[in-house]
Amino acid sequence: MRDYNVQRCDIVVKSSGPVLRVLDAIYMEDLDLLSSWCQSPEMARHFGSLELRSVHRDHFDLRDLFESRYDLVLAKSEMISRGDLAGKGNIDYELIAQYPDYGCQLVSLQGTPELSAAWMKGKTLGLLDDPNSVSAYQIPKAALHRSGLVDEPKIIYFRSHREMYKALFEGRVDVIPALLSKEGPDSVLKLPPGLVLEETIPGPAWYIHRELLQEPVHCDLLAAIEQLARNSRLDYLRDLKIVRPCDAD
(Lines give C-alpha, C1' and ligand atoms only; values in the text may rest on other atoms or scores of the structure.)
Protein backbone atom coordinates (compact mmCIF):
# COMPACT_ATOMS: atom_id res chain seq x y z
CA MET A 1 0.00 0.00 0.00
CA ARG A 2 1.11 3.54 -0.70
CA ASP A 3 -0.07 6.63 1.12
CA TYR A 4 -0.33 9.12 -1.74
CA ASN A 5 -2.72 11.92 -0.91
CA VAL A 6 -3.90 15.41 -1.59
CA GLN A 7 -4.68 17.66 1.36
CA ARG A 8 -6.61 20.93 1.08
CA CYS A 9 -7.54 23.77 3.38
CA ASP A 10 -8.83 27.32 3.29
CA ILE A 11 -6.26 29.94 4.26
CA VAL A 12 -7.68 31.94 7.18
CA VAL A 13 -11.39 32.56 7.50
CA LYS A 14 -12.90 34.75 4.76
CA SER A 15 -9.69 34.95 2.76
CA SER A 16 -9.94 35.10 -1.01
CA GLY A 17 -7.61 34.52 -3.92
CA PRO A 18 -6.21 31.67 -6.04
CA VAL A 19 -5.18 28.24 -4.79
CA LEU A 20 -1.59 27.81 -3.62
CA ARG A 21 -0.55 24.49 -5.14
CA VAL A 22 2.40 22.69 -3.53
CA LEU A 23 3.96 19.44 -4.73
CA ASP A 24 5.92 17.41 -2.19
CA ALA A 25 7.80 14.89 -4.35
CA ILE A 26 9.93 13.80 -1.38
CA TYR A 27 7.05 12.67 0.82
CA MET A 28 8.49 14.79 3.62
CA GLU A 29 6.53 13.76 6.70
CA ASP A 30 7.80 16.32 9.19
CA LEU A 31 6.71 19.43 7.31
CA ASP A 32 3.52 20.26 9.27
CA LEU A 33 2.81 22.60 6.37
CA LEU A 34 -1.00 22.74 6.35
CA SER A 35 -1.49 23.58 10.01
CA SER A 36 0.86 26.57 9.83
CA TRP A 37 0.29 27.96 6.34
CA CYS A 38 -3.50 27.67 6.43
CA GLN A 39 -3.56 29.98 9.47
CA SER A 40 -1.06 32.45 8.04
CA PRO A 41 -2.18 36.06 7.41
CA GLU A 42 0.83 36.38 5.07
CA MET A 43 -0.44 33.50 2.91
CA ALA A 44 -3.91 35.09 2.97
CA ARG A 45 -2.50 38.17 1.25
CA HIS A 46 -1.96 36.10 -1.90
CA PHE A 47 -4.04 32.92 -1.72
CA GLY A 48 -7.50 31.78 -0.67
CA SER A 49 -6.73 28.11 -0.17
CA LEU A 50 -3.89 25.59 -0.21
CA GLU A 51 -3.54 22.24 -1.95
CA LEU A 52 -0.65 19.97 -0.94
CA ARG A 53 0.00 16.84 -2.99
CA SER A 54 2.48 14.32 -1.56
CA VAL A 55 3.88 11.53 -3.74
CA HIS A 56 6.73 9.06 -3.79
CA ARG A 57 9.16 9.54 -6.64
CA ASP A 58 7.93 6.51 -8.57
CA HIS A 59 4.67 8.43 -9.06
CA PHE A 60 6.37 11.70 -9.95
CA ASP A 61 5.00 12.95 -13.29
CA LEU A 62 7.24 15.23 -15.35
CA ARG A 63 4.12 16.79 -16.86
CA ASP A 64 3.65 18.49 -13.49
CA LEU A 65 6.79 20.49 -14.32
CA PHE A 66 6.29 20.98 -18.05
CA GLU A 67 2.71 22.20 -17.54
CA SER A 68 3.54 24.32 -14.45
CA ARG A 69 0.83 22.75 -12.33
CA TYR A 70 2.33 23.90 -9.03
CA ASP A 71 3.53 27.12 -7.46
CA LEU A 72 6.04 25.40 -5.15
CA VAL A 73 7.82 22.07 -5.58
CA LEU A 74 9.82 20.17 -2.97
CA ALA A 75 12.04 17.70 -4.83
CA LYS A 76 15.51 16.29 -5.36
CA SER A 77 17.68 18.15 -7.88
CA GLU A 78 17.92 15.14 -10.20
CA MET A 79 14.14 15.09 -10.53
CA ILE A 80 14.10 18.71 -11.64
CA SER A 81 17.05 18.10 -13.99
CA ARG A 82 15.09 15.39 -15.77
CA GLY A 83 12.58 18.02 -16.79
CA ASP A 84 15.12 20.71 -17.67
CA LEU A 85 16.75 18.84 -20.55
CA ALA A 86 20.26 20.04 -21.41
CA GLY A 87 19.75 23.08 -19.19
CA LYS A 88 17.68 24.83 -21.84
CA GLY A 89 15.05 26.20 -19.49
CA ASN A 90 12.37 23.68 -20.42
CA ILE A 91 10.68 24.12 -17.07
CA ASP A 92 9.68 27.29 -15.27
CA TYR A 93 10.99 26.55 -11.78
CA GLU A 94 13.88 28.11 -9.88
CA LEU A 95 15.77 26.84 -6.84
CA ILE A 96 15.18 29.03 -3.77
CA ALA A 97 16.13 26.93 -0.72
CA GLN A 98 18.26 23.81 -0.19
CA TYR A 99 18.50 21.20 2.55
CA PRO A 100 22.01 19.81 3.24
CA ASP A 101 23.49 16.57 2.00
CA TYR A 102 22.78 13.57 4.20
CA GLY A 103 23.86 9.96 4.59
CA CYS A 104 22.37 6.50 4.84
CA GLN A 105 22.95 3.91 7.55
CA LEU A 106 21.48 0.59 8.60
CA VAL A 107 20.24 0.68 12.21
CA SER A 108 18.90 -1.98 14.52
CA LEU A 109 17.84 -2.22 18.16
CA GLN A 110 19.82 -5.46 18.34
CA GLY A 111 23.26 -3.93 17.90
CA THR A 112 25.14 -2.44 14.95
CA PRO A 113 24.11 -4.33 11.80
CA GLU A 114 26.57 -6.36 9.77
CA LEU A 115 26.33 -7.23 6.08
CA SER A 116 26.87 -10.92 6.69
CA ALA A 117 24.68 -13.99 6.38
CA ALA A 118 25.39 -14.86 10.01
CA TRP A 119 24.16 -11.49 11.34
CA MET A 120 21.19 -11.20 8.96
CA LYS A 121 19.99 -14.79 9.45
CA GLY A 122 16.38 -14.80 10.66
CA LYS A 123 16.12 -11.01 10.58
CA THR A 124 13.67 -8.75 8.76
CA LEU A 125 14.71 -5.61 6.88
CA GLY A 126 12.29 -2.74 6.33
CA LEU A 127 12.58 -0.70 3.13
CA LEU A 128 10.60 2.14 1.60
CA ASP A 129 8.21 1.00 -1.13
CA ASP A 130 9.78 3.42 -3.61
CA PRO A 131 12.49 2.14 -6.00
CA ASN A 132 13.49 5.74 -6.70
CA SER A 133 14.41 6.39 -3.06
CA VAL A 134 18.21 6.54 -2.95
CA SER A 135 18.68 6.11 0.80
CA ALA A 136 15.74 3.89 1.74
CA TYR A 137 15.73 1.52 -1.25
CA GLN A 138 18.57 1.77 -3.78
CA ILE A 139 21.58 1.99 -1.45
CA PRO A 140 20.52 -0.78 0.98
CA LYS A 141 19.47 -3.02 -1.92
CA ALA A 142 22.88 -2.51 -3.57
CA ALA A 143 24.66 -3.22 -0.27
CA LEU A 144 22.82 -6.53 0.09
CA HIS A 145 23.67 -7.45 -3.49
CA ARG A 146 27.38 -6.64 -3.10
CA SER A 147 27.48 -8.73 0.08
CA GLY A 148 25.88 -11.73 -1.62
CA LEU A 149 22.83 -11.62 0.66
CA VAL A 150 20.12 -13.20 -1.45
CA ASP A 151 17.94 -15.23 0.92
CA GLU A 152 18.56 -13.20 4.08
CA PRO A 153 17.21 -10.95 5.38
CA LYS A 154 13.48 -11.08 4.70
CA ILE A 155 12.30 -7.71 3.32
CA ILE A 156 9.10 -5.88 4.18
CA TYR A 157 8.15 -2.68 2.31
CA PHE A 158 6.51 0.34 3.88
CA ARG A 159 4.55 3.22 2.40
CA SER A 160 6.38 5.92 4.36
CA HIS A 161 9.48 6.59 6.45
CA ARG A 162 7.24 7.13 9.47
CA GLU A 163 5.74 3.65 9.15
CA MET A 164 9.18 2.13 8.64
CA TYR A 165 10.65 3.77 11.77
CA LYS A 166 7.54 2.83 13.75
CA ALA A 167 7.92 -0.81 12.71
CA LEU A 168 11.53 -0.82 13.97
CA PHE A 169 10.67 0.55 17.40
CA GLU A 170 7.66 -1.76 17.71
CA GLY A 171 9.81 -4.79 16.87
CA ARG A 172 8.03 -5.69 13.63
CA VAL A 173 11.31 -5.40 11.71
CA ASP A 174 14.88 -5.86 12.92
CA VAL A 175 16.78 -3.37 10.78
CA ILE A 176 16.01 -0.37 8.55
CA PRO A 177 17.92 2.20 6.47
CA ALA A 178 17.90 5.46 8.41
CA LEU A 179 18.89 9.08 8.03
CA LEU A 180 22.54 9.79 8.79
CA SER A 181 22.85 13.41 9.89
CA LYS A 182 24.19 15.49 12.76
CA GLU A 183 21.18 15.24 15.07
CA GLY A 184 21.58 16.96 18.44
CA PRO A 185 19.86 16.37 21.80
CA ASP A 186 16.82 18.45 20.77
CA SER A 187 16.07 16.27 17.73
CA VAL A 188 13.11 13.88 17.79
CA LEU A 189 15.26 11.34 15.91
CA LYS A 190 17.01 9.13 18.47
CA LEU A 191 18.85 6.22 16.84
CA PRO A 192 21.45 3.71 18.01
CA PRO A 193 24.85 3.60 16.25
CA GLY A 194 24.45 2.20 12.75
CA LEU A 195 26.36 0.72 9.85
CA VAL A 196 27.15 3.61 7.48
CA LEU A 197 26.40 2.79 3.84
CA GLU A 198 26.78 6.25 2.28
CA GLU A 199 27.80 9.60 3.75
CA THR A 200 26.96 12.07 0.97
CA ILE A 201 23.56 12.09 -0.73
CA PRO A 202 22.26 15.37 -2.21
CA GLY A 203 19.45 16.78 -0.12
CA PRO A 204 16.03 17.94 -1.32
CA ALA A 205 15.25 21.53 -2.22
CA TRP A 206 12.40 23.99 -2.69
CA TYR A 207 11.64 25.31 -6.19
CA ILE A 208 9.33 28.21 -7.02
CA HIS A 209 7.56 28.99 -10.28
CA ARG A 210 9.37 31.77 -12.16
CA GLU A 211 6.25 33.92 -12.36
CA LEU A 212 6.40 34.36 -8.59
CA LEU A 213 10.09 35.25 -8.39
CA GLN A 214 10.98 38.64 -6.88
CA GLU A 215 7.32 39.40 -6.25
CA PRO A 216 5.90 40.05 -2.76
CA VAL A 217 4.54 36.50 -2.78
CA HIS A 218 8.12 35.20 -3.18
CA CYS A 219 9.06 36.95 0.06
CA ASP A 220 6.13 35.54 2.01
CA LEU A 221 6.57 32.00 0.67
CA LEU A 222 10.27 32.04 1.49
CA ALA A 223 9.54 33.32 4.99
CA ALA A 224 7.00 30.52 5.44
CA ILE A 225 9.53 27.91 4.30
CA GLU A 226 12.11 29.30 6.75
CA GLN A 227 9.52 29.13 9.54
CA LEU A 228 8.87 25.48 8.71
CA ALA A 229 12.58 24.82 9.06
CA ARG A 230 12.80 26.58 12.43
CA ASN A 231 9.82 24.61 13.76
CA SER A 232 11.03 21.22 12.56
CA ARG A 233 11.66 18.44 15.08
CA LEU A 234 14.68 17.24 13.08
CA ASP A 235 17.99 19.08 13.14
CA TYR A 236 18.49 18.06 9.52
CA LEU A 237 15.39 19.97 8.39
CA ARG A 238 16.35 22.98 10.50
CA ASP A 239 19.61 23.32 8.55
CA LEU A 240 18.02 25.00 5.52
CA LYS A 241 20.09 27.23 3.23
CA ILE A 242 18.42 30.08 1.34
CA VAL A 243 19.73 30.03 -2.24
CA ARG A 244 17.54 32.72 -3.84
CA PRO A 245 16.71 35.50 -1.37
CA CYS A 246 13.70 37.70 -1.94
CA ASP A 247 14.59 41.12 -3.38
CA ALA A 248 11.07 42.37 -4.05
CA ASP A 249 10.40 45.96 -3.05
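Author: Start with a term: buried means under 20% relative accessible area, exposed means over 50%, and partly exposed is in between, using a 1.4 Å probe and protein chains only. Helices (H or I, at least four residues) and strands (E, at least two) are DSSP runs, numbered from the N terminus. This is a predicted model, in which local features need pLDDT of at least 70 and side-chain atom pairs count only at pLDDT 80 or more, while totals for chains, interfaces and linings use all residues. Residues are numbered from 1 along each chain as its sequence is written, and side-chain values use heavy atoms, with hydrogens and water left out.

Reader: ok. Which residues of α8 are buried?

Author: They are V217, H218, D220, L221, L222, A224, I225, L228 and A229.

Reader: And how many residues does α8 have?

Author: Helix α8 covers residues 216–231, which is 16 residues. From first C-alpha to last it reaches 23 Å, close to the 22 Å expected at 1.5 Å a residue. The expected span is 1.5 Å times one less than the number of residues.

Reader: Which strands does α8 lie across?

Author: It lies across β2, β4, β5, β11 (205–209) and β12, where contact means heavy atoms within 4.5 Å. Helix α8 runs at about 165° to β11. For that angle, axes are lines fitted to C-alpha atoms, for helices over the stretch in contact, and angles run from 0 to 180 degrees between N-to-C directions.

Reader: What's the strand order in the sheet?

Author: The open sheet has seven strands in the order β1-β3-β2-β4-β11-β5-β12, with mixed pairing. Two strands pair if DSSP finds at least two bridges between them.

Reader: Which strands stand at the edges?

Author: β1 and β12 do. Each has a single partner strand, so one side of each is left without a neighbour in the sheet.

Reader: How do β2 and β4 run, parallel or antiparallel?

Author: Strand β2 (residues 19–24) and strand β4 (residues 72–75) run parallel, joined by three bridges. D24 stands opposite L74 in β4.

Reader: New topic. How many disulfides are there?

Author: Two, counting a disulfide as a pair of cysteine sulfur atoms within 2.5 Å. A disulfide is a covalent bond between the sulfur atoms of two cysteines.

Reader: Which cysteine does C9 join?

Author: C9 is joined to C38, with 1.6 Å from S to S. C9 is in strand β1 (residues 5–10) and C38 is in the loop between α1 (33–37) and α2 (41–44), so the pair links distant parts of the chain, 29 residues apart. The torsion about their S-S bond is about -50°, so this disulfide is left-handed.

Reader: Is C9 buried or exposed?

Author: C9 is buried, at 17% relative accessible area. C38 is buried too, at 4%.

Reader: What about C219?

Author: C219 forms a disulfide with C246, again with S to S at 1.6 Å. C219 sits in helix α8 and C246 in the segment after β12 (241–242), 27 residues apart. C219 counts as partly exposed at 23% relative accessibility, and C246 does as well at 22%. With the bonded cysteines numbered in sequence order, the pairing is 1-2, 3-4.

Reader: How many salt bridges does the structure hold?

Author: Ten. A salt bridge here is a side-chain nitrogen of Lys or Arg within 4 Å of a carboxyl oxygen of Asp or Glu.

Reader: Which residue does D64 meet?

Author: D64 meets R53, at 3.2 Å from N to O. D64 lies in helix α3 (residues 63–66) and R53 in strand β3 (residues 49–54), so the pair ties together parts that are eleven residues apart in sequence. D64 is buried at 3%, whereas R53 is partly exposed at 21%. R53 and D64 are also linked with E67 and R69 in a network of salt bridges.

Reader: And where does R244 lie?

Author: R244 lies in the segment after β12. Its salt bridge is with E94, the closest N and O atoms being 3.8 Å apart. E94 lies in strand β5 (residues 93–98), so the pair ties together parts that are 150 residues apart in sequence. R244 is partly exposed at 30%, and E94 is partly exposed at 24%.
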